Amino acid sequence: MMDAAAEMKRPLLSVKNLSVSYGAIQALKGASLDVYPGEIVAVIGANGAGKSTMMNAIMGDVKRGGGEISLDGNPLPARSFQVVSAGISLSPEGRKVFAPLTVMENLEIGAFPLKDKGEIDEQTQRVFNLFPRLEERRNQYAGTLSGGEQQMLAIGRALMARPRVLLLDEPSLGLAPIVITEIFKELAAINKTMGMTILLVEQNARKALLLSNRAYVLQTGVIISGGNSRDMLNDPEIIAAYLGGGAG
Ligand SMILES: Nc1ncnc2c1ncn2[C@@H]1O[C@H](COP(=O)(O)OP(=O)(O)OP(=O)(O)O)[C@@H](O)[C@H]1O
Ligand SMILES: [Mg+2]
């Protein structure tokens, strides 16, 4: 823990004053957050708060209107494939696996920044160690996987690029509680064993706060609060707004 604290000087991923508009709708209004090396950081917020917009703007999948994003102190490139090559990968909301392609083919696509076949094989093996079910189903079409398996594939595909920061947009969406528990256990393992830095957005605030070290609350395009995830789990305002009514 002391080592982690010593490394907490410079954020690995830093988002400053990010604004994004879709025509007249301003989805992000100067949102800022920092993610330090080795951390799991969660962004919680209701439907339409701008969580996916935040992820997609980091990835360069939607146009950033203003603000700055940096990775390890360097400005992040604008285009999606450049962002992946720079070291950030996204497991998108709704998973978006390539249904008519096999598990292996999906993983190979995720590995596009890796040049060397040996590196790709090595990373494939890492992903299979994390998700043995993907290895069993390596030749199965992604579209025929269960929802939970598709989520594992989306995470695995993102990991194939050997990112420095893994972004996850609603990994629990539409999954049964037992599958959510399994996926979140793997995310904790990815963070621990790979030392992977993770930024996660979730409507399932309880799960997100239990998994993460720190969290931010995004409300209608603005970060309104943030802090240590354990503290937030016990914060009456967070409980009332985000943890009531069977959110977990
Ligand atoms: N392509 C788009 N065109 C127009 N408006 C959009 C577009 N994408 C998102 N929005 C709007 O931007 C706002 C933020 O949407 P976003 O998808 O980022 O929210 P979210 O927090 O991810 O919500 P959810 O929890 O439902 O996934 C919403 O008001 C939404 O309607
Ligand atoms: Mg979303």
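In what order do the 4 strands of the open sheet lie, and is their pairing parallel or antiparallel? The order is 2-1-4-5 and the pairing is antiparallel, where two strands count as paired if DSSP finds at least two bridges between them. Strand 2 and strand 5 (74-75) are the edge strands, each pairing on one side only. Strand 1 (residues 13-22) and strand 4 (residues 66-71) run antiparallel and are joined by 5 bridges; valine 15 has isoleucine 69 of strand 4 as its bridge partner.

This is a predicted model, in which local features need pLDDT of at least 70 and side-chain atom pairs count only at pLDDT 80 or more, while totals for chains, interfaces and linings use all residues. Residues are numbered from 1 along each chain as its sequence is written, and chains are lettered from A and ligands numbered from 1 in the order in which they are written.

The chain has 11 helices and 10 strands, these being DSSP runs numbered from the N terminus, with helices (H or I) of at least four residues and strands (E) of at least two. Its radius of gyration is close to the value from the globule rule for 248 residues, so the chain is as compact as a globular protein of that length; the radius is taken over C-alpha atoms, and the rule is 2.2 Å times the number of residues to the power 0.38.

| Property of the chain | Value |
|---|---|
| Radius of gyration | 17 Å |
| Box filled by C-alpha atoms, along the principal axes | roughly 45 × 45 × 40 Å |

Of the 248 residues, 41% are buried, a residue being buried if 20 or more other C-beta atoms, placed from the backbone, lie within 10 Å of its own. Leaving aside neighbours within four places in sequence, alanine 42 is in contact (C-beta atoms, placed from the backbone, within 7 Å) with residues including Leu200, Leu211 and Ser229.

Ligand 1 is surrounded by 13 residues, the closest being Tyr22, Ala27, Lys51, Ser52 and Thr53; a residue is near a molecule if its C-beta atom, placed from the backbone, lies within 6 Å of it. Strand 2 (25-35) and helix 2 (51-59) each give two or more residues to this shell, and helix 2 provides the largest share, 3 residues.

Terms used: Buried ≥ 20, exposed ≤ 12 C-beta atoms within 10 Å, placed from the backbone. Contact = placed C-beta atoms within 7 Å.
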